Amino acid sequence: MSIAEVTQNTHTVVQEDEETVTTRVDEILASYTGVKAELIPILQQVQQAFGYLPEEAMSRIAQFVEVPECTVFGVATFYAQFKLVPTGRNIIKVCRGTGCYVKGAPRILEETEKILGIKDGETTPDLEYTLETVACFGSCALAPVMVVNDKVYGSMTTDKVKKILDRKGRH
Ligand code: FES
């Protein structure tokens, strides 16, 4: 797998200052009318632009659709699709389900954590990788399973982890 493949389907991650966030959010809002029903589509588009929902963006959105800020925060925290903190350009998911566990998933997670220097749920400081664990991918026959962005890797070994991450200069 090439680096291009590793990075395909990744999302933009942008950490901007407050003024830049407001400017970009206003550009997005320009294509909406400001009704409450637009809240979720707006949040989705803002997250697509930044890779997460910056706090100042949510305040601006609340003003725009004329709802209290706590409503916007409530929606953003209710739906798992929304992230309140920046996530990495590449999302690495390691299965921790029973099927994968018995086939060595703990070693796969440990090796991934060691190479990336982060724990489950964390993001590398350069915003390149976020590491997550998942209860089951529904691909137990391929155990142990790891997913890099949308690409599924089965029968994982610690060597395969090294090879996949090596292409991103992580090993
Ligand atoms: S337990 Fe890992 S894919 Fe099902």
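The model is a predicted one. Elsewhere in the chain, 4 strands form an open sheet, and helix α7 (residues 105–116) lies across three of them, β1, β2 and β3.

**Helix α2**

- Helix α2 covers residues 18–29, which makes 12 residues.
- V21, V25 and L29 are buried in α2.
- These three residues cover an arc of only 70° around the axis, which means that they sit on the same side of α2.
- An α-helix has 3.6 residues a turn, so residues three or four places apart point the same way.
- E19, T23, D26 and E27 are exposed, on the other side of α2.

**The sheet**

- The strand order in the open sheet is β2-β1-β3-β4, and the pairing is mixed.
- The edges are formed by β2 (129–134) and β4 (151–153), each of which pairs on one side only.
- From one strand to the next, the twist averages 20°.
- Strand β3 (residues 146–148) and β4 run antiparallel and are joined by 3 bridges.
- M146 has Y153 in β4 as its bridge partner.

**Helix α7 and the sheet**

- Where does helix α7 lie? Helix α7 lies across β1 (90–95), β2 and β3.
- The direction of α7 is at about 155° to β1.

Conventions
Residues numbered from 1 in each chain as written. Predicted model: local features only at pLDDT ≥ 70, side-chain atom pairs only at ≥ 80, totals over all residues. Helix = DSSP H or I, 4+ residues; strand = E, 2+ residues; numbered from the N terminus. Expected span 1.5 Å × (residues − 1). Buried ≥ 20, exposed ≤ 12 C-beta atoms within 10 Å, placed from the backbone. Arc of directions from axis to C-beta. Pairing = 2+ DSSP bridges. Axes fitted to C-alpha atoms, helices over the stretch in contact; angles between N-to-C directions. Contact = placed C-beta atoms within 7 Å.
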